[in-house]
Amino acid sequence: MTGTGPTGADRTGAAPGPGGVRTVTVATANPYPVHIGRGATQLLAPAVADLGAARAVVVHQPALAGTARRVCAELERQGLAATTHELPDAEDGKTVAAASACWDTCARHGLTRRDVVVGVGGGAATDVAGFVAATWMRGVPVVQYPTTLLAMVDAAVGGKTGINTAAGKNLVGAFHEPSAVIADIDVLDTLPRRELVAGSAEIIKAGFIADPAILALYEADPAAALDPDGTLPELVERAVQVKASVVASDLHEAGLREILNYGHTYGHAVEHHEQYRWRHGDAVAVGMVFEAELARAAGLLSAGAVDRHRRILRSVGLPVSYDGADLATLTTAMGRDKKNRGAAIRFVVLRDTPGGGTEPTRLDGPDPDLLAAAYAATAGAAPVPGGDAPTSREGHGEDE
């Protein structure tokens, strides 16, 4: 994978829907809609009912018990028998034990291959819901209702599912595409600012790898980019379109889909070392700066492009440095990354193009001196962003 991928996603692929809701279609072998906009929740129960299911299990995180009950009520009005299943919070719910408990609920509720799992919550909840759906009776449909910015633009779209083990994050999982994704901008009105900031990292990533218009929107007005009544809805749509385009070309990550991992190799090493006390988006932000510095050290990327990373990330409050572990420790963690082939660590990086832009490429097994240069340029005082551990410890991104 060198210099591949979309180079400027536009909004022509998003069709308008009821009440201004727009729909991006993920055009894989089994196409599915991602409904984005205020009031999109009205499309959730019909989307489930349209699958012809008789029963549904609504998987949710503890803080969303009320939302899950309302979803159940709407499903019952559509004629389905619905029940809820509460996961432990965030990454604590991404375990074999948590998945097993959910399978037990599916059994008690009589879920058959014709029935459906609904994921309600952040990336951890949509991960587990998708994994349970992929494995129950060897596969039942899943409809995702993401309630965080990170989940809307990344975790709920694309069909990657997974749980964690003692060996690492998302090492057990399956590709299992959703039947529909409902991204209601209304839920972002009450999302804490720190979660909007952290979720923005995945949007900014989409800008660097594929859609320069995203970067321009952040540079024009960073405050509006964090505002559900500002440019944030457009940014969500653009980020989803980038992912939809990539996934449609490479569902199983044979090549092109790797570009969605920009910032994740180093970012996941930071997350792992910090025992997931860092929000995923904060770690990916630092990861993008590290991987930009790595590209600069390798002679692929200009200093101006690296500085643009720092400027945009800082403008919305994302961290750009980390000194919580030495390079040897982080290199060991990066060595366990799923994208690696053999002993070589594989990085997605950017390189300059003749037209003055950048494009994603891959850097395999870089010289230790290049890693050291990138580490030195990225290290700096970096407490847990936001001053405390994230309340949900939400952690999920395309490295998944």
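Predicted model: local features only at pLDDT ≥ 70, side-chain atom pairs only at ≥ 80, totals over all residues.
**Figure 1. The hairpin formed by strands E11 and E12.** Strand E11 (residues 346-352) and strand E12 (residues 358-364) pair in the antiparallel sense, with seven bridges between them. One of the paired positions joins Phe 347 to Leu 363, its bridge partner in E12. The two strands form a hairpin with five residues between them, and Gly 356, which lies in the turn, has a positive phi of about 95 degrees. Strand E11 is mostly covered, since five of its seven residues are buried.

**Figure 2. Helix H7 against helix H9.** Two packed helices are described by the angle between their axes and the distance between the axes. For helix H7 (residues 212-220) and helix H9 (residues 232-249), the angle is about 160 degrees and the axes are 10 Å apart. Angles over 145 degrees count as roughly antiparallel, and H7 and H9 are therefore roughly antiparallel to each other. The crossing in which H7 passes H9 is left-handed. On the H7 side the contact is made by Ala 213, Ile 214, Leu 217 and Tyr 218, and on the H9 side by Glu 234, Leu 235, Arg 238 and Ala 239. By residue class, the contact of H7 with H9 divides into six nonpolar residues, no polar ones and two charged ones.

**Figure 3. Helix H6 against helix H9.** Helix H6 (residues 193-209) packs on H9 at an angle of about 50 degrees, and the axes of the two helices are 9 Å apart. That angle makes H6 oblique to H9, and H6 passes H9 in a left-handed crossing. From H6, the residues Leu 196, Ile 203, Ala 206 and Ile 209 take part in the contact, and from H9 the residues Leu 232, Leu 235, Ala 239 and Val 242. The residues of this contact of H6 with H9 comprise eight nonpolar, no polar and no charged ones. Leu 235 and Ala 239 of H9, listed here, are also among the H9 residues that make the contact with H7.

**Figure 4. Helix H6 against helix H11.** The angle between H6 and H11 is about 40 degrees where they pack, and their axes are 7 Å apart. H6 and H11 are therefore oblique to each other, with H6 passing H11 in a left-handed crossing. In this contact, Arg 194, Ala 198, Ala 201, Glu 202, Ile 204, Lys 205 and Phe 208 in H6 meet His 280, Gly 281, Asp 282, Val 284, Ala 285 and Met 288 in H11. The residues of the contact of H6 with H11 divide into seven nonpolar, two polar and four charged.

Figure 5. Most residues other than glycine have a negative phi. Ala 90, although it is not a glycine, has a positive phi of about 50 degrees, and Ala 90 lies in the loop between strand E5 (81-86) and helix H3 (96-108). Its relative accessible area is 2%, and Ala 90 is buried. For Gln 275, likewise a residue other than glycine, phi is near 55 degrees and positive. The place of Gln 275 is in the loop between helix H10 (264-273) and helix H11 (280-297), and, at 60% relative accessibility, Gln 275 counts as exposed.

**Figure 6. The protein chain as a setting for the close-up views.** The protein chain contains 14 helices and 12 strands, and 59% of its 400 residues count as buried. Among contacts in the protein chain with a separation of 6 or more, 75% are accounted for by residues 24 or more positions apart.

Key:
Residues numbered from 1 in each chain as written. Heavy atoms only, no water. Buried < 20%, exposed > 50% of the residue type's maximum accessible area, 1.4 Å probe, protein only. Helix = DSSP H or I, 4+ residues; strand = E, 2+ residues; numbered from the N terminus. Pairing = 2+ DSSP bridges. Axes fitted to C-alpha atoms, helices over the stretch in contact; angles between N-to-C directions. Parallel < 35°, antiparallel > 145°, perpendicular 65-115°, else oblique. Left-handed = near helix turned anticlockwise from the far one by under 90°. Contact = heavy atoms within 4.5 Å. Nonpolar A, V, L, I, M, F, W, Y, C, P; charged D, E, K, R; others polar.
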